[in-house]
Each structure stands twice: as C-alpha cells, then as structure tokens.
Amino acid sequence: MRGGEEVIVAENVWYRYPNGYTALRGVNLRINRGDAVAIVGANGSGKTTLIKHFNGLLKPSQGRVLVLDTDTRSASVAKLARWVGIVFQNPLNQFFRDSVEAEVAFALENFTGEVDPEKICSVLRELGIEHLRRKSPFEISLGEQRRVALASVLVYEPEILILDEPTAGLDYNSKMKLLSILKRLHEKGRTLIVVSHDIEFLARMLLNRVVVLSDGRVVFDGSPKEAFYNVLLLLSSRLVPPQIPELVIRLGLEHLFNPLSEDEAYDFLRSLIGGSFLAGRES
Amino acid sequence: MLVEKVSQALLYEGGDSVLHRLDPRVKLLYAVLTALAVFCTEKPGALTAMLVVQLLVAYASSLLGRVASLVRGLVPFLLTIMALNTVLIYVVSPGIEYLELVRVFYAMVMRVLVVLVVFTVFISTTSPHELMQGLVEMGLSYTAAYPLVVAFRFIPIVFAEVQNVYDAQRARGLEFERGNVLERLRKLVPIIVPSVVCSLLRAKDLAEAMEARGFGAFPRRTFYRQMRIKALDVAFLAMIALVEVLCVTLVIF
C-alpha cells in the first residue's frame with residue numbers, strides 16, 4: 001500500500017445552509033492516499049454535507065478543503081469530480097439513459113471526451129452485471145441499480161472513491177458482493193470513504209480508520225477496533241457495537257481480544273486452543 | 001435557482017390579514033372574476049386601474065414583497081413572449097401601426113400582472129387544506145380535490161429531489177457553465193428525466209399507501225371545521241365587484 005500522502009485535507013470547515021442551518025462546525029480531517037475510512041454518525045450529524053465538500057458541490061462557509069492540494073473554492077466541480085468520485089445514496093437520482101451501458105458511459109464521456117466500450121464492459125464484468133448492459137437502468141433491481149451507479153463512477157477511475165450509504169436497501173448477498181468489490185479496490189491502492197449506518201457491514205470491511213461525526217464536529221478519529229469497542233461513542237451516534245464486539249463485551253473479554261468479525265474471533269479462538277478443539281469445523 | 005424562488009413565492013404563509021380570514025370560496029370567486037374581467041377591456045387606463053386595485057389588495061395582505069419578487073422572476077418569460085408575439089403580429093398583419101403594437105403589449109402585460117397578483121394573493125392566503133375544503137363544499141368530490149393538497153405539500157420535497165439530481169449529475173461531470181444555448185438545453189435532459197421518474201415513483205407509492213389506509217372508502221366525508229359565508233365575505237366581494245365594474249366600464253381611455 002502506498003501511503004502517507006494526504007489526498008483530502010479539511011481545515012476547520014464550517015458550513016451553513018442558505019436556510020440558516022449550520023451543518024458543519026469546524027471539521028478537521030486528513031485523509032491519506034490508500035486509506036479506507038468509514039464516516040459514521042447519527043442522522044443530521046453532517047456526513048453527507050461533509051462529503052459534498054470533497055468534490056466541490058458545497059464550498060465551506062469558513063475554513064478550507066484541499067483535494068490533491070487544490071483548494072475546492074478555486075476549482076470547478078467537474079475538475080474535482082474527476083479525482084473524487086461520489087456514489088450517492090439514490091441511484092434513481094442519476095439514471096436518464098435507456099441502457100445500463102449508456103448510463104455508465106455518461107461520466108466517462110464527460111471526463112475523457114470519448115467512450116471506450118472495452119472499459120465499460122470490463123467494469124460491468126467486475127461488478128457482475130455485464131448481462132444487464134442492454135437493459136434499461138429502470139427495470140433492474142435496486143441492488144443492480146446500486147452496482148450500475150457504482151460502475152458509472154468506477155469506469156473513469158477516480159483516485160478517491162466515496163460511497164454514501166451504499167448498503168441501504170441491499171440484501172445480504174448484495175452486501176457481501178459489494179464488500180468484495182470494495183476489498184479489491186482497496187487492494188489496488190484506491191482511497192475509499194464510506195458513509196454508513198450499517199455497523200455490521202463496516203465491521204466486515206477492511207477499514208483502517210473510523211471517523212465519527214456528531215453535531216457537525218469530528219468527535220472521534222481512530223482505528224475500527226477502538227471505535228467499535230467504544231460503546232458510549234457508538235451510543236452518541238445512535239449505534240450499537242457490531243455483534244461480535246457486542247458478544248466479547250458482554251462476556252467481559254474485551255481486554256483479552258478485540259475481534260471485529262466472526263473470522264477474526266474464530267482465528268483467535270483457534271490459536272488459543274491450538275486448533276484441536278475446533279478442528280472439526282474446517283472440514 | 002429561479003424556479004425555486006418562484007415556487008417559494010407561491011407557497012401558503014399563515015397570517016391574520018383580512019384576506020386570510022375570508023372564506024376560500026369567496027377568494028376563489030374573486031380571483032376568477034377578476035381574471036375574467038381584465039379580458040373584457042383593452043383600454044390601458046381601465047387595465048391600469050384594475051392593477052392598482054389588486055396591488056391594494058396585495059398590500060392589505062402584506063404581500064407586495066412576494067409579488068415584486070415573483071414579477072422579477074417572470075421578466076425573462078414576459079420578454080420572450082413579447083418577442084415571439086411581435087414576430088407573429090408582423091406576420092399576420094404586416095401594416096400594423098407602432099402605437100397599436102404598444103397598446104396590445106401594454107394590455108398583455110397588464111393582464112398577466114393582474115392575474116399574477118390575484119392568484120398570488122389567493123394562494124398565499126389560503127392554506128391547501130382550506131382550498132381543498134372549499135372545493136369540496138362547492139361540490140367537487142373529496143377524492144378529486146385531495147390531490148391538490150398533496151401537490152402543495154410535495155413542492156418542497158420535489159425541489160429537494162431536483163437539487164439531489166443536479167448534484168448527482170454534476171458529480172458525474174455534467175457542466176452547465178459551458179456550451180452554447182442548444183448544448184445547455186440538451187444538458188437539461190439528465191436533470192429532467194431522473195426528476196420526473198422519481199416524482200412518478202413517489203406518486204405511485206403515495207397512492208398505494210393512501211389506498212392501503214382506506215382513502216376514498218366512503219363517497220362523502222365531513223369536515224371538523226364547518227365553512228360559513230360571513231358578513232366580511234359578503235362585504236369584500238361586494239366592494240371588489242363594485243370597484244372592478246367601475247374600473248372596466250367608467251374609465252374611458
């Protein structure tokens with residue numbers, strides 16, 4: 001993993017909506033290249049407002065946001081969006097063409113001026129929706145629509161990928177598929193930012209940071225283990241720990257080990273017992 | 001966005017003016033009759049007098065600010081219509097006098113303004129629910145009148161949706177700042193299509209949810225608050241009718 005270089009820097013960012021509501025109150029955040037960051041927080045804590053600053057859709061009322069050393073106030077949304085791809089919550093807010101293929105081509109056309117059918121195909125294949133490419137984006141399932149929206153951003157290969165509530169309304173299988181897609185992107189060194197309430201999903205994601213927003217401020221910025229074992233912190237965002245940390249906390253073992261997922265818990269238990277007791281599970 | 005400003009100017013705002021206290025049926029009658037009256041005359045003086053009367057009514061319900069911002073928003077629209085009309089008039093009757101053209105345009109602008117003011121006053125001082133109840137009391141069925149309330153309530157939601165669509169497309173590299181008029185018009189497609197689709201889906205969901213909760217199960221429904229024509233209503237209607245008839249008939253130039 002490359003790393004160290006800061007790709008997004010938010011310095012004391014305040015944002016007040018035209019109707020007078022102050023959504024961000026002095027956010028400081030530095031995102032490094034190759035980071036996989038989760039942004040969590042209760043409804044109205046400013047998550048979506050914050051990510052809209054990362055491609056210039058919103059400009060800070062006070063403070064500044066730097067994306068790849070460019071101040072967002074001095075750059076157009078189109079220029080910033082070339083670097084920062086945001087996949088918004090509702091895929092229906094963006095579909096307007098009659099085929100999945102054309103839909104995916106849209107951003108590619110805008111940013112590169114040409115369409116590479118090969119590239120579109122390979123992205124669709126990667127997301128497992130190649131068979132849908134001639135279908136209308138309106139007549140496929142929500143999980144598929146989500147993947148089309150993701151494809152339409154992935155296809156132009158932005159350096160930074162932001163997903164806003166990517167799991168809302170997805171079934172278990174679709175979530176697991178999304179998880180493996182994100183894992184692959186992370187391994188390729190892409191910077192990922194995921195805004196989500198889905199704590200189980202986040203616990204299974206290979207995150208290296210969790211940022212908790214509350215009332216327009218960053219109240220926590222640290223490792224997923226610290227975040228997901230901090231009951232009071234999660235409670236302040238109206239969340240509860242994922243089930244494995246919850247189990248470990250209930251058993252009073254959190255000082256002994258801090259697994260986030262079943263696999264981690266299993267590995268630990270196996271190493272503890274030396275493999276003999278649980279050996280049967282492997283076959 | 002301009003559209004947003006215009007829509008905000010058209011939303012109901014609670015208040016306690018005379019107009020707020022009138023029966024919605026009386027206000028509707030006032031708006032419709034006035035709109036018809038301005039089409040009964042072409043005399044510039046009479047039309048000006050009519051506009052002054054409506055502005056006084058707007059002033060009485062402290063809506064002049066709203067009217068002003070609405071007019072400002074409609075200037076480009078009016079100018080476009082005028083330009084198109086000029087072309088059309090010269091095609092139909094090439095020998096038209098300059099003064100006649102001015103008269104025609106003046107009448108047109110005055111009529112648009114009068115209609116605009118009366119309906120702004122009507123909509124701003126009548127809550128969607130009152131309007132719906134008024135229509136039901138006038139004989140319209142409840143199932144036909146209720147969508148009106150829904151339409152009003154959904155205006156802010158639809159605008160929020162359009163904003164989301166706009167953001168989503170800009171995030172995919174759509175640039176409105178570039179290109180000539182034709183290209184910019186074509187760029188509206190990625191905004192309009194998702195907005196319409198989302199609205200239709202929402203309408204369908206809403207209809208199903210309402211049916212599931214028994215909307216329209218009984219043909220007649222009653223209202224908790226009864227509507228009655230009061231002395232104030234009669235006085236207002238009589239006064240407005242008198243003044244407007246005088247305007248249309250007596251002003252001779």
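Me: Which residues line the largest cavity?
Reply: The model is a predicted one. It holds 4 cavities of 30 Å³ or more, and about 90 Å³ of space lies in the largest cavity. The lining of the largest cavity is made up of A:V87, A:G143, A:R146, A:R147, A:L150, A:L163, A:P166, A:L170, A:S174, A:K177 and A:L178.

Me: Which helix supplies the largest share of the lining of the largest cavity?
Reply: Helix 5 and helix 6 of chain A each give at least two residues to this lining. By class, the lining has 6 nonpolar, 2 polar and 3 charged residues. The largest share, 4 residues, comes from helix 5 of chain A.

Me: Which strands of the sheet does helix 5 of chain A touch?
Reply: The sheet in question is open and has 6 strands of chain A in the order 6-7-8-3-9-10, with mixed pairing. Helix 5, residues 142-154, packs on this sheet, and its direction makes about 170 degrees with that of strand 6 of chain A. The strands that helix 5 touches are strand 6 and strand 7 (160-164) of chain A.

Me: What angle does the direction of helix 6 of chain A make with that of strand 8 of chain A?
Reply: Helix 6, residues 172-187, also packs on the sheet of 6 strands. Helix 6 touches strand 3 (36-40), strand 7 and strand 8 (191-195) of chain A. The angle between the directions of helix 6 and strand 8 is about 145 degrees.

Me: Which residue is the bridge partner of A:V211 in strand 10 of chain A?
Reply: Strand 10 (217-222) of chain A is one of the edge strands of the sheet, pairing on one side only. Strand 9, residues 209-214, pairs with strand 10 in the antiparallel sense over 5 bridges. In strand 10, the partner of A:V211 is A:D221.

Me: Which residue stands opposite A:V67 in strand 5 of chain A?
Reply: An open sheet of 4 strands of chain A, in the order 2-1-4-5, has antiparallel pairing. Its edge strands are strand 2 (22-32) and strand 5 (70-71). Strand 4, residues 62-67, is joined to strand 5 by 2 bridges. Within strand 5, the residue opposite A:V67 is A:T70.

Me: Which helix packs on the sheet of 4 strands, touching strand 1, strand 2 and strand 4 of chain A?
Reply: The contacts involve strand 1 (6-16), strand 2 and strand 4 of chain A. The direction of the helix makes about 55 degrees with that of strand 2. The helix, residues 47-54 of chain A, is helix 1.

Technical notes. Residues are numbered from 1 along each chain as its sequence is written. Chains are lettered from A and ligands numbered from 1 in the order in which they are written. This is a predicted model: local features need pLDDT of at least 70, side-chain atom pairs count only at pLDDT 80 or more; totals for chains, interfaces and linings use all residues. Side-chain values use heavy atoms; hydrogens and water are left out. Two strands pair if DSSP finds at least two bridges between them. Contact means heavy atoms within 4.5 Å. Axes are lines fitted to C-alpha atoms, for helices over the stretch in contact, and angles run from 0 to 180 degrees between N-to-C directions. On a 1 Å grid over the protein atoms alone, a cavity is a set of points where a 1.4 Å probe fits but cannot get out, and a pocket is an open set with protein on both sides within 12 Å along at least five of seven lines; lining residues have an atom within 4 Å of a point. Grid points are joined across faces, edges and corners, and a volume is the space filled by probe spheres set on the points. Ala, Val, Leu, Ile, Met, Phe, Trp, Tyr, Cys and Pro count as nonpolar, Asp, Glu, Lys and Arg as charged, and the others, Gly among them, as polar.
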